[in-house]
Amino acid sequence: MKKILIAPFIFLVKTYQYLISPLTPATCRYSPTCSHYTIQALKKHGLFKGGWLSIKRIFSCNPWGGKGYDPVP
């Protein structure tokens with residue numbers, strides 16, 4: 001059931017990774033990148049907790065936020 005719920009969101013992130021991301025400069029301050037983090041979080045924690053972790057990560061990826069290695073908890 002979890003795989004069915006997260007599949008459309010993973011598809012959207014992968015679409016971004018292959019179609020949009022190559023056209024923009026690399027700006028993510030974290031490793032793994034925010035898009036890879038989102039896929040890992042969704043697979044590990046499911047739609048709600050993984051989605052929340054992804055949103056927090058994306059909002060912290062700015063010049064005043066954090067940087068460096070930040071794996072999915």
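Mentor: A pocket here is worked out on a 1 Å grid over the protein atoms alone: it is an open set of points where a 1.4 Å probe fits, with protein on both sides within 12 Å along at least five of seven lines, and a lining residue has an atom within 4 Å of a point. By that rule, F9, V13, C34, S35, T38, L42, G50, G51, S54, I55, I58 and C61 line the second largest pocket. The model is predicted, and totals for linings use all residues, whereas local features need pLDDT of at least 70 and side-chain atom pairs count only at pLDDT 80 or more. Residues are numbered from 1 along each chain as its sequence is written, and side-chain values use heavy atoms, with hydrogens and water left out.

The elements that each supply two or more residues to this lining are α1 and α2; helices are DSSP runs of H or I with at least four residues, numbered from the N terminus. The largest contribution is that of α2, at nine residues. By class, the lining holds seven nonpolar, five polar and no charged residues. In this scheme Ala, Val, Leu, Ile, Met, Phe, Trp, Tyr, Cys and Pro are nonpolar, Asp, Glu, Lys and Arg are charged, and the others, Gly among them, are polar.

For reference, the largest pocket holds about 280 Å³, and its lining has five nonpolar, seven polar and no charged residues.

Conventions: Points joined across faces, edges and corners; volume = space filled by probe spheres on them.
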